[in-house]
Amino acid sequence: MPVEEVCDSVSAEDDANTGLDVPFLLEECVKEKVPWKEVLKRKVGKKCSCSHARVKALLVDSIPIIKWLPRYHFKDWIIGDAMSGLIVAILLVPQSIAYSLLAEQDPIYGLYTSFFASIIYALLGTSRHISVGMFGVLCLLVGQVVDRELTLAGYTSDTNQTIMGNLDNSTGLICDRSCYAIMVGATLTFTAGVYQVLMGLLQVGFVSVFLSDSLLSGFATGASLTILTSQMKYFLGLHLPRVQGWGSLIKTWICLLKNLGHTNICDLITSVVCLLVLVPTKELNNRFKAKLKAPIPFELFVVIAATLASHFGKFKETYDSAVAGNIPTGFMPPQLPNWSLIPNIAVDAFSIAIVGFAITVSLSEMFAKKHGYMVDPNQEMYAIGFCNIIPSFFRCFTTSAALTKTLVKESTGCQTQVSGLVTALVLLLVLLVIAPLFYSLQKCVLAVIIVVNLRGALQKFVDIPKMWRANRVDTIIWLVTMSTSALVNTELGLLVGVLVSAFCVLGRTQSAQVHQLGQAGDREIFEDIGFYKGLQTQPGVAVFRYEAPIYYANQTLFKKSLYRSVGLDPLKEKARRRKLEKQRNQKQGGEDLKQEMDVSTDVYLLQHTSLHALVIDCSPVLFLDTAGVNALKEVCKDYKELGVNVFLAQCNISVIDSLRRGGYYDPKKGIKEIKFHTVGDAISYAQSSKSKNGDCDTVV
């Protein structure tokens, strides 16, 4: 898309007389300009219209189960859904109790959380396969906030001490440590859910695309290291407070090493035995998962065996082992969040909301693509938001999709979220009858279950060389995010990962280079002459391609890269000429200097007599901003002064529009608009308009 400027204005009809090739033109559609007020009125009217069909569609979109449940193929799907729901529930029982420990909550609240989340997501979710419930990273984030607020409120130990002035807002009774912990957790969960629903209302489900797989994987791995560190005190049977602040992982290990002498031998032996049982059996499940119809629930077997051993061996009384304690049956009456806590945990809730949503959407889209159906990211935002808001009134804590249980769910025949309802029924049975039987279960066993389930994230370290060979930028993002999450701060790791990803994208546009192109025979194929052999260049015409947008951040680099590739920097050439001219004017008898300048100019002419036109292939240029348009103007102006015409080819519609609005074309100054849809057209036009360096007629 070049512009032609002629000293004596030349009309389009003159092109035929001068022998210029007329480029192929496409007639543009005339777009009707609709006033913004009219557009806004239409959108508001569409959104706010009220009719029977509109209400029905809104109800179906908001509660997807209404749409798919009447079409449920009972005979074909019920067995797979029932089996997968049962298996997931069996796995959830020990994991829910274990992850309650990670979130600084009593075991019963983990069972509550899994129960309510399974029902609500089955009603509101759009994925057929994901399992919503406990997720280690979120439990860690919740636990960190809960422990911080407990410390600020004056609860300095793990004992159920009470402090005057901390009142339960529903009963008015003095609140002990356990009560205050669940109050903080429920308020945090409520706030995170509100964030997620608000984001759904604002239709910002697209934010998930900014959290790349490498970023999420690095964040999960870094958080897994923190989780592993936080569970070591239970492995060793040590009663240590959770370390807060930046560098908590290193501080925790230092504290553990200092207190090794106080290790509880009973807990240590139990931890080692459970590890020796669970790690090999988990590997067996993975190795034979193709042959097994369902994974063997070794975790449940270990929990049952450990509970029986602790009960009959009287580990608590004899060896002072920490146990799960009393787990009540039934449900507690709902209570409102503690509104006064929201200002303290608002920022933490936002990061938890983003992580929970990103994990849920990533998994739902992954399994939807695998099984050939669609999910709605905004509806997923609503679903996971209400999975947090509603259960928060029943003392639950934050949930999201979980990869391990989702894989189990899929592999055991899951077809729809009816399996989630089956899971909820089994958990209801546990809550009403079985839960108190876990009274004697040692906390070290729960810690082992948590750590064993971190294997997938921790195994990413083995894949680092493979990741580096595949994509170094993604590996750097992974390493930075993982290191920051583990060594500095978990929430900060997510922010740093997003910033590093953004800077990597920006850096790629900064590192883009201009490539000289050659033609493959007579075909309309132009590629980098440094990459392919046998490409031909056109006499007198140089063709270059810039493989990045041209905008304020890289417009200077674009010009430098172009001048370097062409081999002629107009700015340096003009500066050299001005310097010689100044020296000639300052000295008397300037004939020698004038002769020197003429010789220098002759050298320039000898080097560049064949170059009379420069074609820039703009097909990779996605957009231009004002700085980008000005950069192209400067390139054209600089080369015009040296007698080199500049042409733009294969510009997309966005670039064309930016050039027009940026004043690249100006008919009042004799600059007219000519479009080149191919590089070949631009070369033909350039060759037909060939002129000597310094001629008056110049095309830019």
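These legends accompany several close-up views of a predicted model.

**Figure 1. The whole chain, as a starting point.** The chain holds 28 helices and twelve strands. It has 700 residues, and 49% of them are buried. Take the contacts between residues at least 6 apart in sequence: 81% of these join residues at least 24 apart.

**Figure 2. Phe 647 and Phe 676 form an edge-to-face pair.** A pair of aromatic rings is described by the distance of the centres and the angle of the planes. A search of the whole structure finds 21 aromatic pairs. In the pair shown here, the ring centres of Phe 647 and Phe 676 are 5.8 Å apart. Their planes stand at 70°, so the pair counts as edge-to-face. Phe 647 belongs to strand β10, residues 645-649. Phe 676 sits in the loop between β11 (672-673) and α28 (679-688). The pair therefore ties together parts that are 29 residues apart in sequence. Both Phe 647 and Phe 676 are buried.

**Figure 3. Six residues make one aromatic cluster.** The members are Tyr 109, Tyr 112, Phe 115, Phe 116, Phe 331 and Phe 394.

**Figure 4. Arg 128 lies over a tyrosine ring.** The ring belongs to Tyr 373. Arg 128 is placed over its face, at 4.3 Å from the ring centre.

**Figure 5. Helices α23 and α26 pack against each other.** Helix α23 covers residues 555-566, and helix α26 covers residues 626-640. Their axes are 9 Å apart, at an angle of about 30°. That angle is under 35 degrees, so α23 is roughly parallel to α26. The crossing is right-handed. From α23, the contact uses Gln 555, Phe 558, Lys 559, Leu 562, Tyr 563 and Val 566. From α26 come Ala 627, Ala 631, Leu 632, Glu 634, Val 635, Asp 638 and Tyr 639.

**Figure 6. Helices α9 and α22 cross with their axes within 10 Å.** Helix α9 spans residues 213-236, and helix α22 spans residues 490-510. The crossing angle is roughly 155°. That value is over 145 degrees, so α9 and α22 are roughly antiparallel. α9 passes α22 in a right-handed crossing. On the α9 side, Leu 215, Phe 219, Ala 223 and Thr 226 make the contact. On the α22 side, the contact residues are Thr 490, Gly 493, Leu 494, Gly 497, Val 498 and Ser 501.

Figure 7. Gln 144 is part of helix α7, residues 136-153. Neighbours within four places in sequence are left aside here. Beyond them, Gln 144 contacts Thr 226, Arg 242, Gln 244, Thr 490 and Glu 491.

**Figure 8. Lys 314 and Arg 395 have positive phi values.** Most residues other than glycine have a negative phi. For Lys 314, phi is near 50°. Lys 314 sits in the loop between α12 (298-313) and α13 (315-319). With 48% relative accessibility, Lys 314 counts as partly exposed. For Arg 395, phi is near 65°. Arg 395 sits in the loop between α15 (377-392) and β5 (400-401). With 10% relative accessibility, Arg 395 counts as buried.

Methods: Residues are numbered from 1 along each chain as its sequence is written. This is a predicted model: local features need pLDDT of at least 70, side-chain atom pairs count only at pLDDT 80 or more; totals for chains, interfaces and linings use all residues. Side-chain values use heavy atoms; hydrogens and water are left out. Rings of Phe, Tyr and Trp (its six-membered ring) pair if their centres lie within 6.5 Å; planes under 30 degrees apart count as stacked, over 60 as edge-to-face and the rest as tilted. Helices (H or I, at least four residues) and strands (E, at least two) are DSSP runs, numbered from the N terminus. Buried means under 20% relative accessible area, exposed over 50%, partly exposed in between (1.4 Å probe, protein chains only). A charge sits over a ring if NZ of Lys or CZ of Arg is within 6 Å of the ring centre and within 35 degrees of the ring normal. Axes are lines fitted to C-alpha atoms, for helices over the stretch in contact, and angles run from 0 to 180 degrees between N-to-C directions. Angles under 35 degrees count as roughly parallel, over 145 as roughly antiparallel, 65 to 115 as roughly perpendicular and the rest as oblique. A crossing is left-handed if the near helix is turned anticlockwise from the far one by less than a right angle, and right-handed if clockwise. Contact means heavy atoms within 4.5 Å.
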